[in-house]
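Dear colleague,

I am handing over the structure below, and my notes on what was found in it follow directly after. Please read them with the coordinates open beside you.

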Amino acid sequence: MRVIDNKEMNRFEAEIDGNKAIIEYSVLPGVLSLNHTEVPKELSGQGVASEMTEKVLLQIELLGLKVIPVCPFIKKYIGKHPEWKSILAQKD
């Protein structure tokens, strides 16, 4: 799966079999707020959201940014994969 950062639309995108899965985000200083994950019904149940989340978190880490998981799916994903807790933005 190839995940691209569509900066103009503030979302990560992955196209699979002609269907586009997305993770929408907001940009804050040094932080990306991951707000919404959407996978077309044609791709549901195939682990697309999990694989895409993993790749997005890796990109964020490589950029040296922190993350705020607003999206319930991404919050749950990080809860199941504690190795990503190191890139969570600290709450004030």
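A nonpolar core, in these notes, is a set of buried Ala, Val, Leu, Ile, Met, Phe, Trp, Tyr and Cys residues joined through side-chain atoms within 4.5 Å, where buried means under 20% relative accessible area, exposed means over 50% and partly exposed lies in between, computed with a 1.4 Å probe on protein chains only. The model is a predicted one, so that local features need pLDDT of at least 70 and side-chain atom pairs count only at pLDDT 80 or more, while totals for chains, interfaces and linings use all residues. Residues are numbered from 1 along each chain as its sequence is written, and side-chain values use heavy atoms, with hydrogens and water left out.

**The core**

The largest nonpolar core has 22 residues, and those with the most contacts inside it are Phe 12, Leu 34, Met 52, Val 56 and Leu 57. Two or more residues come from each of strand 2 (11-16), strand 3, strand 4, helix 1 and helix 2, and helix 1 gives the most, with 5 residues. Helices (H or I, at least four residues) and strands (E, at least two) are DSSP runs, numbered from the N terminus. As a general background, nonpolar side chains in soluble globular proteins tend to be buried together.

Contact, here and below, means heavy atoms within 4.5 Å. Leaving aside residues up to four places away in sequence, Phe 12 touches Val 3, Ile 4, Asp 5, Ala 21, Ile 22, Ile 23, Tyr 25, Leu 32, Leu 34, Met 52, Val 56 and Gln 59.

The 5 strands form an open sheet in the order 1-2-3-4-5, with mixed pairing; two strands pair if DSSP finds at least two bridges between them. Strand 1 (3-6) and strand 5 (66-69) are the edge strands, each of which pairs on one side only. Neighbouring strands are turned by 30° against each other on average, direction ignored; axes are lines fitted to C-alpha atoms, for helices over the stretch in contact, and angles run from 0 to 180 degrees between N-to-C directions.

Going through the pairs in sheet order, strand 1 and strand 2 are antiparallel over 4 bridges, with Arg 11 in strand 2 as the bridge partner of Asn 6. These two strands form a hairpin with 4 residues between them, and Asn 10, in the loop between strand 1 and strand 2, has a positive phi of about 55° although it is not a glycine. Asn 10 is partly exposed, with a relative accessible area of 28%.

Strand 2 and strand 3 are likewise paired in the antiparallel sense, over 6 bridges, and Ile 16 stands opposite Asn 19 in strand 3. Their hairpin has 2 residues between the strands; Asp 17 in this turn has a positive phi of about 50° and is exposed, with a relative accessible area of 71%.

Strand 3 and strand 4 pair in the antiparallel sense over 7 bridges, and form a hairpin with 2 residues between them, in whose turn Gly 30 has a positive phi of about 75°. Ile 23 stands opposite Thr 37 in strand 4. Thr 37 is buried, with a relative accessible area of 15%, and among the residues that it touches, not counting those up to four places away in sequence, are Ala 49, Cys 71 and Ile 74.

Strand 4 (residues 31-38) and strand 5, by contrast, pair in the parallel sense over 4 bridges, and the bridge partner of Leu 34 in strand 5 is Pro 69.

**The helices**

Helix 2 (residues 72-80) lies across strand 3 (19-28), strand 4 and strand 5, and runs at about 120° to strand 5. The axes of helix 1 (residues 48-62) and helix 2 come within 11 Å and cross at roughly 75°. The two helices are therefore roughly perpendicular to each other, a class that takes angles of 65 to 115 degrees, with under 35 counted as roughly parallel, over 145 as roughly antiparallel and the rest as oblique.

In this contact, Ala 49, Ser 50, Thr 53, Glu 54 and Leu 57 in helix 1 meet Phe 73, Ile 74, Tyr 77 and Ile 78 in helix 2. These residues divide into 6 nonpolar, 2 polar and 1 charged, where Ala, Val, Leu, Ile, Met, Phe, Trp, Tyr, Cys and Pro count as nonpolar, Asp, Glu, Lys and Arg as charged, and the others, Gly among them, as polar.

With best regards
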